[in-house]
Amino acid sequence: MDAAMEDAEAQSEKEWDGGGGGADAVLGLAGASLSLCYHEAFGPHDDIILLEAADELLPDLLQGRVTVRGHPEEEAVLCTPSATYAMKFVGNSNSVFLIPPGESAAPTIRPDGLNTEGDVASATDAVASIIKVASGNMELVRTAPRLDKLRKLLNERPYVLDEDLGSDLQQKKGLYTWQDLCELVQASDGELSEELSSLSAVEIDGFWRMVDDNSANTILDMILHNSVLHDWPLNSMPENDVLDVMESDGFMRKIVAHCLSRFGSKVEKEARSCWSLDERRVCLQLARRALGVGKMKLENFMDKWERSIPSGMRADLQMLEGEVMCEKLGAETWVHTFSVADLPLAPAERFAALFRERPKWEWRDLQPYIRDLRTPGISSEGLLIKYTRRTQPSADAEPIFTAR
């Protein structure tokens, strides 16, 4: 805040001190009438706006734990540490007067333009002075965090093995720190952190990054290769041994640890930290690689996928819900990649993308692509009613969903 703004604020406080009866006169009003006058500082005061908030928001508001996020071209949102609220201006049908606190002795201006200072009658009558007429107030409505932008930012510069950022700032273009993301993404800190975890992002040298798929595949292959070479059980791989061996092979410990958490979970075995690889996550990653970017006959894909899976794990098409689409072309079934992770998070855009891919959906195919949608105040059934039409030829038939 510069000196000019501080002076203006100090002058404003001075002008508003002691305004004729003030807000206390209104708060003490019990069925009686009250005279109103214009305060000498009356004006538009565009820097003041009323905010309506639910009781549960008051602690965050009063303790300064809220931030307003959004660029000039975006609709602003208010964020608490754990939630996001849309800010909507709601007009008032009645006049709403803003009255500052103050003493009745302060000069006010009557509607007829006369100054009340020195008026004996006004000294004994309660008079409230108005500094502003509010045309409306800002309303806070819980909304889903706007996280699509986060995905775009992280996909600008995925981490690749053996990259060297150096010290040149130009080399860091497309990389974002936590503070950068807080300023650019309209979401609370809690929601932002949760989505970074969901996207398997990792902080490297102060920047939040996604790991390039080819790099993740290489690290996973080496972990699986070393598990055979060193006789590590896939459900209890000793953490330090894995990191030491992978580091000796030229891999960064932090990235290896990140991939272990991405494809498994930590367990304790005889007071040692170990990692248990998750069958579904490992098989899903290998399925993506086997399928590539094109279409394949189902039997060819299954053969290629099963041959890539490590001993002790089993391929199951149910693992690919929300990742792979199957379609009948004549007598044959073909599959291609169609990942829920690549679809928009906003419900309207999500359903539009789904119906561009397929004009009709059976529920068993549609459900994996919408179960992650979270819209405060609207259930999954409500989203279906809003964005789809449901038809069911018979009571025992699978319901069909088309665009509304």
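Helices (H or I, at least four residues) and strands (E, at least two) are DSSP runs, numbered from the N terminus, and strand β8, residues 132–143, contains V133. The model on your screen is predicted, so local features need pLDDT of at least 70 and side-chain atom pairs count only at pLDDT 80 or more, while totals for chains, interfaces and linings use all residues. Residues are numbered from 1 along each chain as its sequence is written, and side-chain values use heavy atoms, with hydrogens and water left out.

**Stop 1: a surface patch**

Select V133 together with L36, Y38, F42 and F97, which make a nonpolar surface patch of about 410 Å². Such patches consist of residues with over 30% relative accessible area and no salt bridge, with nonpolar side chains (Val, Leu, Ile, Met, Phe, Trp, Tyr) joined within 5 Å; accessible areas come from the Shrake-Rupley method with a 1.4 Å probe. V133 has a relative accessible area of 39% and is partly exposed, a word used between buried (under 20%) and exposed (over 50%).

**Stop 2**

Next, select R69 and D189, which form a salt bridge with their closest N and O atoms 2.9 Å apart. The pair links distant parts of the chain, since R69 is in strand β3 (residues 67–69) and D189 is in helix α7 (residues 189–198), 120 residues apart. A salt bridge here is a side-chain nitrogen of Lys or Arg within 4 Å of a carboxyl oxygen of Asp or Glu, and by this rule the count comes to 21. R69 is buried at 11% relative accessible area, whereas D189, at 32%, counts as partly exposed.

**Stop 3: a pocket**

Now select E321, V324, C326, R364 and D365, which lie nearest the centre of the second largest pocket, among its 15 lining residues. On a 1 Å grid over the protein atoms alone, a pocket is an open set of points where a 1.4 Å probe fits, with protein on both sides within 12 Å along at least five of seven lines, and lining residues have an atom within 4 Å of a point. This pocket holds about 400 Å³ of space, and β15 gives the most to its lining, with five residues.

D365 is partly exposed, with a relative accessible area of 28%, while R358 is buried at 18%.

Key: Grid points are joined across faces, edges and corners, and a volume is the space filled by probe spheres set on the points. Patches are made of residues with over 30% relative accessible area and no salt bridge: like charges are joined within 9 Å, nonpolar side chains (Val, Leu, Ile, Met, Phe, Trp, Tyr) within 5 Å. Buried means under 20% relative accessible area, exposed over 50%, partly exposed in between (1.4 Å probe, protein chains only).
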